[in-house]
Amino acid sequence: MTRTVRTPAGVRPALAVALVLTLVAGAFAAWAGRDWYAAAHDDSAAYAVQRDRALAAGEQAVQNLNTLDHRRVDQGLDLWESSTTGELHKQLVDGRTEFAGQVKAAKTVTTARVLSGAVTELDDRAGRARLLVALRITVTTPDSKSTDKDSRMLGELTRADGQWKLSALGQAPVGGTAAG
């Protein structure tokens, strides 16, 4: 004699629904995990981080090199030197004494504020980048008169000891000026 076990009518459909939901949840977890792993190991994410670091360091360095107070020349020039590397750094160090004398004699205060900036080239492996920075430079004279000048600067950055530093800086061509 065979014995049949009777189960309540709703048990098998509930078990089937639970099994389907478990499979759907597992598939979703696998898909999300694969996407998370791909994003975490994507080279473009690391590249974007380096670009943002270069831009932040470059903007700060350009601002530093366009800000100087005659009452604190040595502190300002120390900041200039710590923001630079290579030939630009050497030029600043070599001309420091003469330049400090000129600034003290002129008794001016120059401040700069970055308006915008962009990295135009980045070679992360070589540790080099180029950037364009727009700034507003304010010069205040001893008689407290001030003038504002908007300026665009082109800079080159070099990664030195894990930090981006300016290695070259110059004026960007303006308006209809032909680029070389």
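Biologist: Where is the place of Asp-161?

Modeller: This is a predicted model, in which local features need pLDDT of at least 70, side-chain atom pairs count only at pLDDT 80 or more, and totals for chains, interfaces and linings use all residues. Residues are numbered from 1 along each chain as its sequence is written, and side-chain values use heavy atoms, without hydrogens and water. Helices (DSSP runs of H or I, at least four residues) and strands (runs of E, at least two) are numbered from the N terminus. With that numbering, Asp-161 is in the loop between β4 and β5.

Biologist: Is Asp-161 buried or exposed?

Modeller: Buried means under 20% relative accessible area, exposed over 50%, and partly exposed in between (1.4 Å probe, protein chains only). Asp-161 has 84% relative accessibility, so this residue counts as exposed.

Biologist: Which phi does Ser-144 have?

Modeller: Most residues other than glycine have a negative phi. Ser-144 lies in the loop between β3 and β4 and is exposed at 62% relative accessibility. Although Ser-144 is not a glycine, its phi is positive, at about 70 degrees.

Biologist: What pattern does the chain follow along the sequence?

Modeller: The secondary structure comes to 5 helices and 5 strands. Read along the sequence, they follow the pattern α-α-β-α-α-α-β-β-β-β.

Biologist: What is the radius of gyration of the chain?

Modeller: The radius is taken over C-alpha atoms, and the globule rule is 2.2 Å times the number of residues to the power 0.38. For 180 residues the rule gives 16 Å, and the chain is well over this, so it is more spread out than a compact globule. Along the principal axes, the C-alpha atoms fill a box of roughly 115 × 40 × 35 Å. The radius of gyration is 30 Å.

Biologist: Which elements do the buried residues of α3 pack against?

Modeller: In helix α3 (residues 73-82), Val-73, Gly-76, Leu-77, Trp-80 and Glu-81 are buried. They cover an arc of only 140 degrees around the axis, by the directions from the helix axis to the C-beta atoms, so they are on the same side of α3. Counting a contact as heavy atoms within 4.5 Å, these residues pack against α2 (43-65), β1 (68-69), α4 (86-94) and α5 (96-106).

Biologist: How many degrees lie between the planes of Phe-28 and Trp-31?

Modeller: Rings of Phe, Tyr and Trp (its six-membered ring) pair if their centres lie within 6.5 Å; planes under 30 degrees apart count as stacked, over 60 as edge-to-face and the rest as tilted. By this rule there are 2 aromatic pairs. Phe-28 and Trp-31 form a tilted one, 5.7 Å centre to centre, with a plane angle of 45 degrees.

Biologist: What is the distance, centre to centre, between Trp-80 and Phe-99?

Modeller: Trp-80 lies in helix α3 and Phe-99 in helix α5, so the pair ties together parts 19 residues apart in sequence. Trp-80 is buried at 10% relative accessible area, while Phe-99 is partly exposed at 30%. Their planes are 35 degrees apart, which is tilted, and the centre-to-centre distance is 5.4 Å.
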